[in-house]
Amino acid sequence: MRQRAIRNLAKLEMTQARITRVLDAATGGKNNFVADRDAVRRYDQAAPITTTAARAVLQYLCRVVRHLASEGVDQFVVVGSGVPSGLPAGRQLHDIAADALVASVPRVVYVESDPMVLAGARATIEPVTDLVRVVEGDVREIDDVLDDRVLQLFLDWDRPMAVLLLSAHSLNDDEYFHYVIKRIRQVAPEGSYLSLLQTTFDAIPPELLPAIHDLLAMTLPGHAIRTREEVEALLEGLVLVDPGLVWVPEWRPNGHDTACLDQPNSSGNYGAVACIP
């Protein structure tokens, strides 16, 4: 425990924005630094939709969890920024799953690599519920994530679960991304689901693309951007839940989540949920 805490502290980078903390800052959270808030400000100057787009992403995640829980899924593995402090108390993803379930209670594992997100989640979530675990892990080391002792012991690997892959932005290598999906399909029990979130520049006018790419390189170097066709290729062989691969505000809108609903492509993110055979 102590060695892991020291390692996390050594990885804490306060002068370079991190997408997990940028999302947190854009939605009014407190687990972020000046560099993250500055990144939000720069993106809002380039396209005054950043904070609204961030809310659209969170609303999408909440709808995915609510839908899958209503279908009876009571185990969730959330890989990436699933615990932004911008979500109000009692409305985190594990709370939404609990509210939607009728015959059981959820078990949720958050897998996080950012030290600040890890510390915040462990301080505010684990002490108040026995049904949530927060583990250190990075999607770029998917074998280590899936072999994690907490993950293996806390979940029932004979029953369906949902894997929410929210950190596709950190996977620059499509070949390795295919491997990540392959490994999840190999270990997830029959009847499980995979949810994917992917940032795209498909809706940005061509004349603005050079400036946006430069801004991305300065604020979030290494952030992977994909076209719709590239995301479709990653999902090949999976059966998508209706409405398929869409802009996140278009995934099963409920009439209450209004962020970017009037202009879905301004969310800048595709979302999809797939059945794992």
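How much can we trust it? The mean pLDDT of the protein is 87, and 92% of the residues reach 70 or more. Among the elements, strand S7, residues 246-247, has the highest mean pLDDT, at 98, while helix H1, residues 2-11, has the lowest, at 47. Over residues 1-6 the pLDDT is below 50, and this stretch has two contacts in the model beyond near neighbours in sequence. Where pLDDT is low, the predicted coordinates should not be read in detail.

Now the overall build. There are 11 helices and eight strands in the protein. The radius of gyration is 18 Å, close to the 19 Å that the globule rule gives for 277 residues, so the protein is as compact as a globular protein of that length. Of the 277 residues, 54% count as buried.

Here is a question for you: of the contacts with a separation of 6 or more, what percentage comes from residues 24 or more positions apart? The figure is 72%.

Helix H2 covers residues 19-26, and seven of its eight residues are buried, so H2 is largely enclosed by the rest of the structure. The buried ones are Thr20, Arg21, Val22, Leu23, Asp24, Ala25 and Ala26. Notice that the list includes Arg21 and Asp24. Just after H2 comes Gly28, which takes a positive phi of about 85 degrees.

Helix H5, residues 93-100, is also largely enclosed by the rest of the structure, because six of its eight residues are buried. Those are Leu93, His94, Asp95, Ile96, Ala97 and Ala100. So what covers them? The cover includes helix H4 (50-70), along with strand S1 (75-79), strand S2 (107-112), strand S3 (132-136) and strand S4 (162-165).

Next, please find strand S5, residues 192-199, where Ser195 sits. Is Ser195 buried or exposed? With a relative accessibility of 1%, Ser195 counts as buried. Setting aside neighbours within four places in sequence, Ser195 is in contact with Tyr60, Val64, Val163, Leu164, Leu165, Ala272 and Val273.

Leu196 is found in strand S5 too, and at 4% relative accessibility it counts as buried. Apart from neighbours within four places in sequence, the contacts of Leu196 include Tyr60, Leu165, Phe177, Val231 and Ala272. Take Val231 as an example of what folding does to distance along the chain: Leu196 and Val231 are 35 residues apart in sequence, and their C-alpha atoms are separated by 9.2 Å.

For a contrast, let's look at Arg185, in helix H9, residues 174-187. Its relative accessibility is 31%, so Arg185 counts as partly exposed. Beyond neighbours within four places in sequence, Arg185 is in contact with Glu236, Gly237, Leu238, Ile276 and Pro277. Between the C-alpha atoms of Arg185 and Val239, which are 54 residues apart along the chain, the separation is 12 Å.

Last stop: a few backbone details in the loops. Which two residues does a cis peptide bond join? They are Asp242 and Pro243, with omega at about 10 degrees. Pro243 lies in the loop between strand S6 (239-240) and S7.

Then move on to the loop between S7 and strand S8 (269-276), where you will find Arg252. Arg252 has a phi near 50 degrees, a positive value in a residue other than glycine. With a relative accessible area of 36%, Arg252 is partly exposed. Cys260 lies in the loop between S7 and S8 as well. Its phi is near 65 degrees, again positive in a residue other than glycine. Cys260, however, counts as buried, at 3% relative accessibility.

Technical notes
Residues numbered from 1 in each chain as written. Predicted model: local features only at pLDDT ≥ 70, side-chain atom pairs only at ≥ 80, totals over all residues. Heavy atoms only, no water. pLDDT = per-residue confidence, 0-100. Helix = DSSP H or I, 4+ residues; strand = E, 2+ residues; numbered from the N terminus. Contact = heavy atoms within 4.5 Å. Rg over C-alpha atoms; globule rule 2.2 N^0.38 Å. Buried < 20%, exposed > 50% of the residue type's maximum accessible area, 1.4 Å probe, protein only.
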